[in-house]
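User: Please walk me through this fold. I want to know how to read its strands, helices and domains.

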Amino acid sequence: MVAEASKEFERECNPWLAAEARFNRAAEKLGLDDGMRKVLKTPARELTVSIPIVLDDGRLEVFTGYRVQHSIARGPGKGGIRYAPDVTIDEVRALASWMTWKCAVANIPYGGAKGGVICDPTILSQGELERITRRYTAAIIDFIGPEVDVPAPDMNTNEQTMAWIMDTYSMHKGQTVTAVVTGKPVNLGGSRGRTEATGRGCMIVALQALKRFGIAPQEARVVIQGFGNVGGMAAQLMEKAGFRIVAIVEYDGAVYNAMGLDISALAKHRKETGSIVDFAGGENMDREEAMFLPCEILLPAARENVITSHNAHKIRAKILCEGANGPTTALADEMLADNKVFVIPDILANGGGVTVSYFEWVQDRQGYFWNEEMVNQRLEEIMVNSFNDVAAYSDSHKVDNRTAAYMVALDRVAFAIRLRGIYA
Ligand code: NAD
């Protein structure tokens, strides 16, 4: 009985099954025929490459890399590359489709792609990582490019990795091609505002949701899980916009202040002590308790599957703004809907990152770089438009926001496919 329940919970937390459930629900609502569903589900191109490398100790090792282009119907593939020991082709395939839907919701002219290399970056030297990155790039070189597929950083890859990919690609082409990847350092063709983009996007959509409830930012209590890139930036920007950040939840504890935490002071405390706990400007709180505080906005920005059928009924937030990818399971969706929680789904809420990646690509191709104000203004325009598009589908089709976001995405990709026709 216990084993069965844990198996069921494992299924509930399987992100690919969750994505499929949501795809099917949206396809059903849109009345998509079986043929179109097949086209939308099947990746356009999948590549598996072997990466032979001489390690620092002289041994020869062969790593495996993947690049999956799920869809190129609306433009070049777009998506990160992750390095991890447990990367699988199934995972890369599912993440690539996720990118297709995210780019379509933001209405930026991209398809969806993802890459991965099976390796353990914690035991590899910088030199070994550089050789892996360059050989992987060479192996997929005919399948990437500014007009073809544009990689970006993901788990365990960063600006440096992107600089190596850009350099390797450019060496082969005999010219510098900055637009082949995004997430580059700012002085190497990167965009201003990229680091803050995902957190800023979360703040923008949270503001839109508050407007629907007639709540001013000053009246909004916010609980954030994860004080990293997304959560930390969102906290800073929301504090600046007048929100009251009452709790931050991290993996090793939570801090609470009913009057609002001083975010810069908390970041300084974490830098000095390595943790958010025992912060003088607040009190320590149990992590679970903090997640279930009554608040206007709960912003999970740490990892997947934190809101499940086991705890969704305890959420007392008015608005759930999904900064992380896949923080809520499909079963939890139903419970949140029963409790009238207004969900801003991940493929909408955290689209700010890929949107500013798109700006980086545009700037590289123009050879003309925007100031931060311009980046932020254009980001706001796109986030507000996508929020409104999803809200309009939700209102007119009488579906929850997540189903509406998938409907917007599927509808846009299906429209492009129909209009282009099936080439044979
Ligand atoms: P990050 O590593 O910078 O930050 C994650 C933070 O969450 C860390 O401070 C970590 O200590 C904390 N954390 C980990 N497990 C936790 C737990 N169980 N409870 C509480 N805190 C925990 O990562 P990030 O870039 O901020 O990404 C966070 C999420 O947002 C991920 O799901 C990622 O896929 C998604 N996302 C990120 C971006 C981006 O631009 N960085 C874009 C879209 C989506």
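Predicted model: local features only at pLDDT ≥ 70, side-chain atom pairs only at ≥ 80, totals over all residues.

User: How many bridges join E3 to E5?

Analyst: First the terms. Strands (E, at least two residues) and helices (H or I, at least four) are DSSP runs, numbered from the N terminus. Two strands pair if DSSP finds at least two bridges between them. Here, 5 bridges join E3 (residues 77-84) to E5, and the two run parallel.

User: What is the strand order of the sheet?

Analyst: The order is E1-E2-E4-E3-E5 in an open sheet of 5 strands, with mixed pairing. E1 and E5 (149-153) are the edge strands, each pairing on one side only. On average, neighbouring strands are turned by 25 degrees against each other, direction ignored.

User: In which sense do E1 and E2 pair?

Analyst: Antiparallel: E1 (residues 45-54) and E2 (residues 60-71) share 10 bridges. Glutamate 46 has valine 68 in E2 as its bridge partner. The two strands form a hairpin with 5 residues between them, and glycine 58 in the turn has a positive phi of about 95 degrees. E2 also pairs with E4 (residues 112-118), antiparallel over 7 bridges. There, serine 71 stands opposite glycine 112.

User: At what angle do the axes of H7 and H8 cross?

Analyst: Axes are lines fitted to C-alpha atoms, for helices over the stretch in contact, and angles run from 0 to 180 degrees between N-to-C directions. The axes of H7 (residues 194-213) and H8 (residues 229-240) cross at roughly 55 degrees and come within 7 Å. That makes H7 oblique to H8. Under 35 degrees counts as roughly parallel, over 145 as roughly antiparallel, 65 to 115 as roughly perpendicular, and the rest as oblique.

User: Which residues make the contact?

Analyst: Contact means heavy atoms within 4.5 Å. Those involved include Cys202 and Met203 of H7 and Met233 and Leu237 of H8.

User: Where are the domains divided?

Analyst: Domain bounds come from an automatic or database domain assignment. Domain 1 spans 45-177 and domain 2 spans 197-349. Their centres, taken over C-alpha atoms, are separated by 31 Å. In contact are 4 residues of domain 1 and 5 residues of domain 2.

Terms used. Residues numbered from 1 in each chain as written. Heavy atoms only, no water.
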